[in-house]
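Subject: Structure handover

Hello,

Please find the structure below. My notes on it follow.

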Amino acid sequence: MAIFSIRVFGDPVLRQRAAEIEEIDAKIVRLSEEMIETMYAAPGVGLAAPQVGIERRIFVYDVGEGPMTVINPEIVESRGEWEYEEGCLSVPDLHWLIVRPKEVHLVGHDLQGNEISIEGDELLGRVFQHELDHLDGILLLERLEKDQRKQAMRVLRARAFSNSPESSLHA
Ligand code: ZN
């Protein structure tokens, strides 16, 4: 099974809104399997299709209870506030304390086409929000406070012009 290379900040595919999946066929099943392999290899707790260059609304995650796939996800309700240190495989080696809703209600479909409805609290809720952002072309940089963001952009710009081992590690 193939492992995808993960697209990083600066790649325009990360800025696109991904398209709905109309039919769950063998290609989508295979995509899901390869995304799960890629997520484990990274390693990460979640991965959205645009991060592997595919503009489709599908993400995979594993917060310790085995791999899951969600197709055409939607957050229909969110509650509370929770501050958590968040990073992104597409913005490697950087993380920030970010406040987002603590709990979200996610709906979507599984690989068999069944409707799913999951209450995600704390880490799970954070993963859902993070992956859904990817499907909407939003990077976590846009969730930062103004000052945090300025500093992040400085680091990323410096990285783009250097050939340090750190920046090539995730290429
Ligand atoms: Zn991410």
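The notes start with the metal site, then go to the backbone and the surface.

This is a predicted model, in which local features need pLDDT of at least 70, side-chain atom pairs count only at pLDDT 80 or more, and totals for chains, interfaces and linings use all residues. Residues are numbered from 1 along each chain as its sequence is written, and side-chain values use heavy atoms, with hydrogens and water left out.

Metal site. The zinc ion has C88 (SG), H130 (NE2) and H134 (NE2) as its protein donors, at 2.0 to 2.3 Å. Donors here are N, O and S atoms within 2.8 Å of the metal (3.2 Å for Na, K and Ca); water is not among the atoms, so sites may look incomplete. The sequence spacing of the donor residues is C-x41-H-x3-H. H130 and H134 both belong to helix α2 (residues 122-135), and because they are 4 residues apart, about one helical turn separates them. Helices (H or I, at least four residues) and strands (E, at least two) are DSSP runs, numbered from the N terminus. Both histidines are buried: H130 has a relative accessibility of 8%, and H134 has a relative accessible area of 1%. Buried means under 20% relative accessible area, exposed over 50%, and partly exposed in between (1.4 Å probe, protein chains only).

Backbone. The peptide bond between A42 and P43 is cis, with omega at about -10°. P43 sits in the loop between α1 (26-41) and β1 (46-48). N72 is not a glycine, yet its phi is positive, at about 50°. N72 is part of strand β3 (residues 68-79) and is buried, at 19% relative accessible area. D93, also a non-glycine residue, has a positive phi near 70°. D93 lies in strand β5 (residues 91-100) and is partly exposed, with a relative accessible area of 41%.

Surface. K146, K150, R154 and R157 form a patch of positive charge. Patches take residues with over 30% relative accessible area and no salt bridge, joining like charges within 9 Å and nonpolar side chains (Val, Leu, Ile, Met, Phe, Trp, Tyr) within 5 Å. A salt bridge is a side-chain nitrogen of Lys or Arg within 4 Å of a carboxyl oxygen of Asp or Glu. Lys and Arg count as positive and Asp and Glu as negative, while His and the chain ends are not counted.

Regards

Note on methods:
Accessible areas come from the Shrake-Rupley method with a 1.4 Å probe; for residues, only the protein chains shown count as cover. The place of a charge is taken as NZ of Lys, CZ of Arg, CG of Asp or CD of Glu.
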